[in-house]
Amino acid sequence: MMPVFPAEMSLCQFRERLYAWTGISPASMRITLSSRDGHKLVLEPETLNSETLSLSLATLSARLPSAVTTVSVTSTTAWDGISSGSMLGEGDLVDSDGGPTYEISECAYAARPDTYRAQKQQLWAARRRQLAEALRPGVRCFLEKSRRTGCVAYVGPVPSLSENGDDIWAGVVLDTPDGKHDGRAPDGTRYFTCAPLHGVFVRPERIQICVDAVGVDVETPTEPDTNDIPIEV
């Protein structure tokens, strides 16, 4: 069952929750409340001013002659209608049939530029570029968690490792044969040269710079990677 939304929740708060679920921008989000007897209350994005957004779900539900049973979310731009759940007479949003209240294919969701995932990936890409500025070929380093030591040999994009071709990776030559390759990416492109099994490609946030053989932490994010691709290759 989906989370229950209290009757006193404002339309503004409810709209933000729908945005997190559907990825439809609030600026283009059309919300339709449907009652049990078939009546509908359509909330167009251009008519949602600050006064309307401050109204509670209970107040909106009371504008219909019977209890609200479904809430439909559609985009006024490019997206199709999405059924997002049902609302009780008291104004609580719950699942009407015990099944999923929102379904979308992975491909369709990944193609949307305004989803929470897309925005988070953009932030991560910017963060990686910032961290990569501290890395340069020849810098001694060690890898987070495994503590394997080596030297940075390459910093830049490796298109074959991620869908986003300009995503930043660091190529490291390890001191021991605990790597994956000799400086070649999976597609055969060579980015640096080293002995077999001494090379790895890692995310910049997984590297710490060494100074006088003592590890000095590079500031690293604490959240897990969100790109659904390996952090070391």
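The protein chain has five helices and twelve strands; helices (H or I, at least four residues) and strands (E, at least two) are DSSP runs, numbered from the N terminus. The model is predicted: local features need pLDDT of at least 70, side-chain atom pairs count only at pLDDT 80 or more, and totals for chains, interfaces and linings use all residues. Residues are numbered from 1 along each chain as its sequence is written, and side-chain values use heavy atoms, with hydrogens and water left out.

**Exercise 1. Describe helix H1 and find its buried face.**

Step 1. H1 covers residues 11-22, twelve residues in total. From first C-alpha to last it reaches 16 Å, close to the 16 Å expected at 1.5 Å a residue. The expected span is 1.5 Å times one less than the number of residues.

Step 2. List the buried residues (under 20% relative accessible area, with exposed over 50% and partly exposed in between; 1.4 Å probe, protein chains only). In H1 they are Leu11, Phe14, Arg15, Leu18, Tyr19, Trp21 and Thr22.

Step 3. Look down the axis of H1: these buried residues fall within an arc of 160 degrees, so they line one face of the helix. The arc is that of the directions from the helix axis to the C-beta atoms.

Step 4. Glycine 23 takes a positive phi of about 80 degrees.

**Exercise 2. Trace the pairing around strand E8.**

Step 1. Start with E7 (residues 140-143) and E8 (residues 149-157). They pair in the antiparallel sense over three bridges. Two strands pair if DSSP finds at least two bridges between them.

Step 2. Check the turn. E7 and E8 form a hairpin with five residues between them. Lysine 145 in this turn has a positive phi of about 75 degrees.

Step 3. Go on to E9 (residues 168-174). Seven bridges join E8 to E9, and the two run antiparallel.

Step 4. Follow cysteine 151 in E8. Arginine 140 stands opposite cysteine 151. In E9, the bridge partner of cysteine 151 is valine 173.

**Exercise 3. Decide where to read the model with care.**

Step 1. Take the chain average. The mean pLDDT (the predictor's confidence in each residue, from 0 to 100) is 76, and 73% of the residues score at least 70.

Step 2. Over residues 79-102 the pLDDT is below 50. Over residues 213-229 it stays under 50.

Step 3. Apply the rule. Where pLDDT is low, the predicted coordinates should not be read in detail.

How values were computed: Contact = heavy atoms within 4.5 Å.
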